[in-house]
Amino acid sequence: MKAISLFSGGLDSILAIKLIQDQGIEVEGIYVDLGFEANKEKKEYLKNIAEKLNIKLHIIDKKEEYIKNILFNPVYGYGKNMNPCIDCHAFMIRSAKELMEKVGAKFIISGEVVGQRPMSQRLPALNSVNKLAKADGLILRPLSAKLLPPTIPEIKGWVDREKLLDISGRDRKRQLELAKKYNLENFESPAGGCLLTDINFSKRLKDFSKYLTLTPNEIDILKVGRHINYNGYKIIIGRNKDENPILKEYKGEKFVKMFPKGFAGPVGLIQSDAPENVKQKAADFMISYTKFDKGDIIINQEIFKGQKIDKKEIQKYII
Ligand code: SF4
């Protein structure tokens, strides 16, 4: 008997796996890569934990499909920011179901706990997820199973419902006790979660999608830099030596790169279809973030003479 586990690397998803492994069931993990993870090292961390748990981990890139079908058109709307959590969970479960069928597993497990998160883990929300994912009866949530209707693996006796738990709410006490039992006390999940729940990232994303169609190429450049909207054209300027390479590596077609000519300064991006006057302004913005009062900025092989402008003036356009 094999199950697929939605694997976030968080303590709850690890405990859910442990509870099912304890019943002699093989578990394989799935991490659906949507691109909006704040932590760059997340995948390495997940591989590491998967190895410790002795599970095979499938990291599946679903950025394109997610952007196209879920992010801007969620059936159940958004949380506080641009996070369509119910639809997003359902999307992950659908991805898990595809994998389940492919590898001959029989059900899906998830570390969700009833009532733990305000939007996506209330009971009606879990039902909506089941319905939307068309996986009713196939999703077992071992940490809260006893509070939920029996699922197919429980009804068919593949899993002993009695050995599952009835945890609910935001209190983490029982999870921490279990972590102790399984020797996971030193376990630390990496900082930084989903950027769709972040107010500033959401503002940038909203503003971006007013003017341009997002593709996976633009996700990383939304995570870094100063974002400027000048007359409806987007300009992004790197803030430091960690951000500049990310802008420099941009591979899409919606933006062209901006570099200082012959002196140290930030890397920038400007919308490819920006007219000359916007490019000139972008060159001025670029210079304003160097220690010089003027200088040449190369924009797509053309040279613009930039002049420093007051930061207060720039502030009006920052998203
Ligand atoms: S927090 Fe982000 S990744 Fe998690 S369900 Fe919500 S939108 Fe999806």
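In this predicted model, α4 (85-103) contributes the most residues to the shell around the ligand, namely four; helices are DSSP runs of H or I with at least four residues and strands are runs of E with at least two, numbered from the N terminus. The shell consists of Tyr66, Asn83, Pro84, Cys85, Cys88, His89, Met92, Cys194 and Thr197, a residue being counted if one of its heavy atoms lies within 4 Å of the ligand. Six of the shell residues are nonpolar, three are polar and none is charged, where nonpolar covers Ala, Val, Leu, Ile, Met, Phe, Trp, Tyr, Cys and Pro, charged covers Asp, Glu, Lys and Arg, and polar the others, Gly among them.

The largest nonpolar core has 44 residues; such a core is a set of buried Ala, Val, Leu, Ile, Met, Phe, Trp, Tyr and Cys residues joined through side-chain atoms within 4.5 Å, with buried meaning under 20% relative accessible area (1.4 Å probe, protein chains only). Its members touching the most others include Tyr66 and Leu196. Among the elements that each supply at least two residues are β1 (2-6) and β2 (26-33), and α4 gives the most, eight. Leu196 is in contact (heavy atoms within 4.5 Å) with residues including Tyr66, Asn83 and Pro84.

β1 and β2 run parallel and are joined by five bridges, at least two DSSP bridges being required for pairing. Ala3 stands opposite Val27 in β2. Seven of the eight residues of β2 are buried, so β2 is largely enclosed by the rest of the structure.

Residues are numbered from 1 along each chain as its sequence is written. Local features need pLDDT of at least 70 and side-chain atom pairs count only at pLDDT 80 or more, whereas totals for chains, interfaces and linings use all residues, and side-chain values use heavy atoms, without hydrogens and water.

Conventions. Buried < 20%, exposed > 50% of the residue type's maximum accessible area, 1.4 Å probe, protein only. Lists of a residue's contacts leave out its neighbours within four places in sequence.
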